[in-house]
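Subject: Structure handover

Hello,

Here is the structure we talked about. Please have it open while you read the notes that follow.

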Amino acid sequence: MIDGLKIYQPDRWEDFRGDIYTTWDTENYPNLNWRLDKFSHSRKNTLRGLHGDFETWKLINCVYGKFYLVVADNRKDSPTYKEWQWFVLSAENRKQVLVPPGCGNAHFVLSDDCTFHYKLAFDGEYNDIENQFVIKWDDSDWNFEWPHSNPILFGRDK
């Protein structure tokens, strides 16, 4: 397991109307400086990432559909440097992954479309594109495994 990475499986209540579940609360999740929530909606075979910075925590889940998530440890001083893990997150399994600073993440859409959600915790200013690192999805030094060999890519992800 990547150092500092955590997996959460929220409890849910279900009845004939549907279900309800909690994606974050102060009692069961780390008390970090949560500052921003973002959503990304993508179509099948799209790959977004691998992006990260050295200051931001990300709590990732799937609101709609299903995606393959890769988390890569890019912290040179970490005992798990250059290790990576994959997970399948979906609206059905409700799984969440807490990604520590210094780790990059990417998601590949498995369903016809999906909505990726991440909650960001950081101090200071948000580290937008110009302050993030990028690890190429096909970087031979990392040897990532993907469910598709020709994903839909755009911009810095190519």
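Buried means under 20% relative accessible area, exposed means over 50%, and partly exposed lies in between. Keep those cut-offs in mind for what follows. Note also that this is a predicted model.

Salt bridges

There are six salt bridges in the structure. Start with Arg94 and Asp19. Their side chains form a salt bridge at 2.0 Å, N to O. Arg94 sits in the loop between β8 (84-90) and β9 (96-99), while Asp19 belongs to strand β3 (residues 18-21), so this pair ties together parts 75 residues apart in sequence. Arg94 has 11% relative accessibility, so it counts as buried, because buried means under 20%. Asp19 is at 32% and counts as partly exposed.

Asp19 has another partner. Its side chain also meets that of Arg12 in a salt bridge, at 3.2 Å from N to O. Arg12 is partly exposed, with a relative accessible area of 39%.

How do these residues connect? Salt bridges with shared partners join Arg12, Glu14, Asp19 and Arg94 into one network.

Another of the salt bridges pairs Asp15 with Arg17, at 2.5 Å, N to O. Asp15 is partly exposed at 25% relative accessible area. Arg17 reaches 67% and counts as exposed.

Aromatic pairs

The structure holds 11 aromatic pairs. One of them is Tyr8 with Tyr29. The pair is tilted, with 4.3 Å centre to centre and 35° between the planes. Tyr8 lies in strand β1 (residues 6-8) and Tyr29 in the loop between β3 and β4 (34-43). The two are 21 residues apart, and the pair links distant parts of the chain. Are these tyrosines buried or exposed? Tyr8 is buried at 14% relative accessibility. Tyr29 is buried too, at 9%.

Next come Phe54 and Phe133. Their ring centres are 5.1 Å apart and their planes meet at 45°, so this pair is tilted. Phe54 lies in the loop between β5 (47-52) and β6 (57-64), and Phe133 in strand β12 (residues 133-134), so the pair ties together parts 79 residues apart in sequence. Phe133 has a relative accessible area of 12% and is buried.

There is also a cluster. Ring pairs link Tyr68, Trp84, Trp86, Trp142, Phe144 and Trp146.

Which ring lies under the charged end of Lys119? It is the ring of Trp24, with the charged end 5.2 Å from the ring centre.

Around Leu36

Lys119 turns up again here, as a contact of Leu36. Leu36 is in strand β4. It is partly exposed, with 27% relative accessible area. Leaving aside residues up to four places away in sequence, Leu36 touches Tyr118, Lys119, Leu120, Phe122 and Tyr126. What separates Leu36 from Ala121? Along the chain, 85 residues; between the C-alpha atoms, 7.0 Å.

Where to look

Begin at Asp19, which bridges to Arg94 and to Arg12. Then go to the tilted pair of Tyr8 and Tyr29. Finish at Leu36 and its contacts, among them Tyr118 and Phe122.

Best wishes

Definitions and conventions. Residues are numbered from 1 along each chain as its sequence is written. This is a predicted model: local features need pLDDT of at least 70, side-chain atom pairs count only at pLDDT 80 or more; totals for chains, interfaces and linings use all residues. Side-chain values use heavy atoms; hydrogens and water are left out. A salt bridge is a side-chain nitrogen of Lys or Arg within 4 Å of a carboxyl oxygen of Asp or Glu. Buried means under 20% relative accessible area, exposed over 50%, partly exposed in between (1.4 Å probe, protein chains only). Helices (H or I, at least four residues) and strands (E, at least two) are DSSP runs, numbered from the N terminus. Rings of Phe, Tyr and Trp (its six-membered ring) pair if their centres lie within 6.5 Å; planes under 30 degrees apart count as stacked, over 60 as edge-to-face and the rest as tilted. A charge sits over a ring if NZ of Lys or CZ of Arg is within 6 Å of the ring centre and within 35 degrees of the ring normal. Contact means heavy atoms within 4.5 Å.
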